[in-house]
Amino acid sequence: MDVPDTVATALDDRPVTGRRCLEAGAGVGNATAGLLANGADRVYAVTNDRDHARTTRRRVADSGGDGSGGDGTDRGNDADRLAVLEADLRSIPLPDGSVDLITAHGVCNVLDPAALTAVAEELSRVAAPGAHLVVDDYDPLPDGAAIGELFAVENAASELARCRPALTFYPAAFLRRFFAGHNWEFDRERTLLEPVPWTESHVSAHADEAASMAAECPGEAGDALSATARGLATEIGSESVGRMYSLAFRRPG
């Protein structure tokens with residue numbers, strides 16, 4: 001499986017080989033691919049999106065990986081080491097202390113503060129003593145970033161339709177303190193991308209999401225938000241701005 005450079009960089013100093021791992025918010029399975037490629041003994045990919053679950057299963061099944069993890073140990077094929085769990089991250093169907101390494105790759109920015117707290121508590125519950133946690137996310141965008149205007153429209157549509165923001169960009173310093181407050185010891189911080197390349201496909205996906213939520217809004221407000229999102233996407237095209245960071249923590253043993 002192809003492993004994105006951001007995932008490879010975030011994991012390259014973590015003890016993945018032979019560990020029980022969890023990808024929190026599997027998306028299309030990028031971190032799952034990295035964990036399997038690095039020789040994880042077992043990977044639990046957790047997502048509440050059925051399409052993402054199917055994509056992750058298919059991606060791993062199609063890869064035909066042998067599970068060697070680079071150290072020569074035969075751990076079986078990748079598909080046998082993967083369990084995709086369709087579940088809410090606030091209620092993970094795993095026992096207490098059952099995983100050794102957790103990744104949250106690009107997850108925190110889609111969690112509002114209340115959801116972030118609930119997810120952090122659940123990740124802490126399933127973490128074994130001495131477990132590692134890798135949190136990769138984005139600093140708030142600088143003033144004047146064009147894509148920031150699109151994100152603001154997406155948040156406005158989400159607030160009107162669902163009474164919560166779609167995106168919350170937490171500074172790295174905040175998440176360091178936040179997870180320390182949940183009994184995780186900070187280990188290191190590194191930059192994964194600077195600037196972040198927001199491609200036309202990224203921009204279009206956010207405009208689509210904004211339009212989808214705007215369709216749930218009553219009256220002319222929804223139409224105006226949808227039109228604004230589409231217009232901004234056309235104007236922006238692509239933009240390179242901001243920083244993606246990686247934070248690593250460890251659970252006391």
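View 1. Ser246 counts as buried because its relative accessibility is 0%, where buried means under 20% relative accessible area with a 1.4 Å probe and protein chains only. The model is predicted: local features need pLDDT of at least 70, side-chain atom pairs count only at pLDDT 80 or more, and totals for chains, interfaces and linings use all residues. Residues are numbered from 1 along each chain as its sequence is written, and side-chain values use heavy atoms, with hydrogens and water left out. The side chain of Ser246 meets that of Asp136 in a polar contact of 2.7 Å (a pair of N or O atoms within 3.5 Å, one able to donate a hydrogen and the other to accept it; residues adjacent in sequence count only if both atoms are side-chain atoms). Leaving out neighbours within four places in sequence, Ser246 also has Ala10, Val134, Arg188 and Leu192 among its contacts (heavy atoms within 4.5 Å).

View 2. Asp137 sits in strand S5, residues 127-138; strands are DSSP E runs of at least two residues and helices H or I runs of at least four, numbered from the N terminus. What the Asp137 side chain does have is a polar contact with the side chain of Asn109, at 3.0 Å.

**View 3. The largest nonpolar core, with 35 residues.** Such a core is a set of buried Ala, Val, Leu, Ile, Met, Phe, Trp, Tyr and Cys residues joined through side-chain atoms within 4.5 Å. Leu22, Ile102, Leu175 and Phe179 touch the most other members. Elements giving two or more residues include strand S1 (20-24), strand S4 (99-105) and helix H4 (113-126). H4 gives the most, with six residues. Another core, of 27 residues, lies apart from this one and has Val134 and Phe169 among its members.

**View 4. Helix H6 and its buried face.** Ala172, Leu175, Phe178 and Phe179 are buried in H6. Seen down the helix axis, the buried residues of H6 fall within an arc of 120 degrees, so they line one face; the arc is taken from the directions from the axis to the C-beta atoms. These buried residues pack against H4, S5, strand S6 (185-193) and S9.

Conventions:
Buried means under 20% relative accessible area, exposed over 50%, partly exposed in between (1.4 Å probe, protein chains only).
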